[in-house]
Amino acid sequence: MAEKRTEAHHQNAEGLDIQAPDAILSSLANAQIEAAKAVRGAIPAIAKAAEIIAGRLKSGGKLAYAAAGSSGLMALADALELPGTFGIQRDRIAILIAGGDDAFKTLAGGPEDNIDEASAAVANAGIGEGDCLIAVSASGSTPYAVRAIEDARRRGAATIAIANNKDAPLLRLADIAIVLETPPELIAGSTRMGAGTAQKIALNMLSTLAAIHLGHVHDGYMVNLMADNIKLRDRAASIVAAISGRDKEDAARLLEKSGGGVKTAILLAAGAAGAGAAEKILEGTGQKLRPALSVIEGSMGQKAPVLKTEPEKGQQGD
């Protein structure tokens with residue numbers, strides 16, 4: 001069997017342990033940069049996967065992540081950010097990590113081989129038709145991730161695989177295969193490094209594009225964020241002010257009227273009759289702010305007092 005790329009010896013690793021600290025760190029930094037470049041080749045697959053995720057979430061389905069070890073931490077980081085950043089309901093996100101809660105204390109290797117645990121996790125999360133599962137594994141052969149994707153597929157869920165070795169079993173099982181062909185690790189097999197970096201970047205891209213499809217981003221602003229602390233409430237007011245052209249004090253007042261909904265507050269600033277009317281407009285536009293602003297503009301018979309209702313030349317609208 002050919003050596004897995006993620007287990008191969010890096011060409012620049014010889015004598016690494018006797019080099020000067022600055023030289024070691026320079027090599028480590030360069031290895032991370034090279035790993036990050038590997039994501040570019042996966043852009044077409046990431047785009048297809050994001051469309052599937054958005055479609056499942058829009059239809060009321062769940063998004064599940066399944067992984068072990070360092071890949072599990074990358075998946076966890078992406079999954080936990082989605083509610084706060086994009087306002088996706090927490091009960092629509094499932095995180096299946098080998099070892100369960102104990103993984104956050106020890107991250108032991110043994111649980112990644114426990115296929116029964118993977119089956120139980122998929123079943124307990126209720127993953128099935130209308131849902132989507134992302135399985136992440138650097139090697140692409142981690143038993144926990146492989147069994148999770150097998151069970152999710154058997155239960156009718158859409159499946160996405162992310163792996164750093166091409167032709168891996170995980171990739172062959174998935175509806176969409178995202179291959180991140182990162183170079184061998186500077187510390188052979190330490191996939192928390194380059195492979196993990198590429199996985200994190202790919203997951204960031206995947207979930208962000210899905211959120212854009214869902215209308216949760218407008219001109220680079222997170223207009224569906226969950227403002228549940230002082231910092232985010234201030235950010236929400238800044239977003240409303242930036243898009244509507246109002247000052248922050250007025251933006252904060254509109255946020256109070258909207259119940260904290262950034263999109264609703266922006267539509268109130270644009271001339272919506274009330275929060276209920278604004279929310280009804282958003283329902284009609286699939287929660288997308290740009291067409292909702294156009295609806296208000298049309299109903300007022302003039303340009304609504306809100307910036308950028310059309311994408312600039314060279315920009316793609318949401």
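**In what order do the five strands of the open sheet stand?** The order is β2-β1-β3-β4-β5, and the pairing is parallel. Strands pair if DSSP finds at least two bridges between them. This is a predicted model: local features need pLDDT of at least 70, side-chain atom pairs count only at pLDDT 80 or more, and totals for chains, interfaces and linings use all residues. Residues are numbered from 1 along each chain as its sequence is written, and side-chain values use heavy atoms, with hydrogens and water left out.

**View 1. The whole chain.** The chain has twelve helices and seven strands. Helices (H or I, at least four residues) and strands (E, at least two) are DSSP runs, numbered from the N terminus. The C-alpha atoms fill a box of roughly 70 × 50 × 35 Å, taken along the principal axes. Of the 318 residues, 46% are buried. Buried means under 20% relative accessible area, exposed means over 50%, and partly exposed lies in between (1.4 Å probe, protein chains only). Contact means heavy atoms within 4.5 Å. Among contacts between residues at least 6 apart in sequence, 64% join residues at least 24 apart.

View 2. The edge strands are β2 (93–97) and β5. Each of them pairs on one side only. From one strand to the next, the twist averages 15 degrees. Angles run from 0 to 180 degrees between N-to-C directions, and axes are lines fitted to C-alpha atoms, for helices over the stretch in contact. Strands β1 and β3 pair in the parallel sense over five bridges. Here alanine 66 has alanine 135 in β3 as its bridge partner. Helix α7 (residues 194–213) lies across β1, β3, β4 and β5. This helix runs at about 165 degrees to β3.

**View 3. Strand β4, enclosed.** Six of the six residues of β4 (residues 158–163) are buried, so the strand is largely enclosed by the rest of the structure. Both of its faces are covered. Ala158, Ile160 and Ile162 lie on one side, and Thr159, Ala161 and Ala163 on the other. Six bridges join β4 to β3 (residues 132–137), and the two strands run parallel. Isoleucine 134 stands opposite isoleucine 160 in β4. Together, β3, helix α5 (residues 143–154) and β4 make a right-handed β-α-β unit. Right-handed here means that, with the strands pointing away from the viewer, the path from the first strand over the helix to the second runs clockwise.

View 4. Four bridges pair β5 (residues 176–179) with β4 in the parallel sense. Valine 179 in β5 is the bridge partner of alanine 163. In a regular strand the side chains alternate between the two faces of the sheet. Along β5 they do alternate: Ile176 and Ile178 point to one face and are buried.

**View 5. Two helices crossing.** Helix α9 (residues 248–257) packs against helix α10 (residues 262–270) at an angle of about 115 degrees. Their axes are 8 Å apart. On the α9 side, the contact is made by Leu254, Leu255 and Lys257. On the α10 side, Val262, Ala265, Leu268 and Ala269 take part. Six of these residues are nonpolar, none is polar and one is charged. Ala, Val, Leu, Ile, Met, Phe, Trp, Tyr, Cys and Pro count as nonpolar, Asp, Glu, Lys and Arg as charged, and the others, Gly among them, as polar.

View 6. Glycine 60 is found in the loop between α2 (43–58) and β1 (63–67). This glycine is partly exposed, with a relative accessible area of 49%. Glycine 60 and glycine 130 are 70 residues apart in sequence, yet 7.5 Å apart in space, C-alpha to C-alpha. Most residues other than glycine have a negative phi. Aspartate 167 has a positive phi, near 65 degrees. Its place is the loop between β4 and α6 (169–173). Aspartate 167 is exposed, with a relative accessible area of 60%. Glutamine 287 also has a positive phi, of about 70 degrees. Glutamine 287 is in the loop between α11 (275–284) and α12 (289–300). Its relative accessible area is 31%, so glutamine 287 counts as partly exposed.
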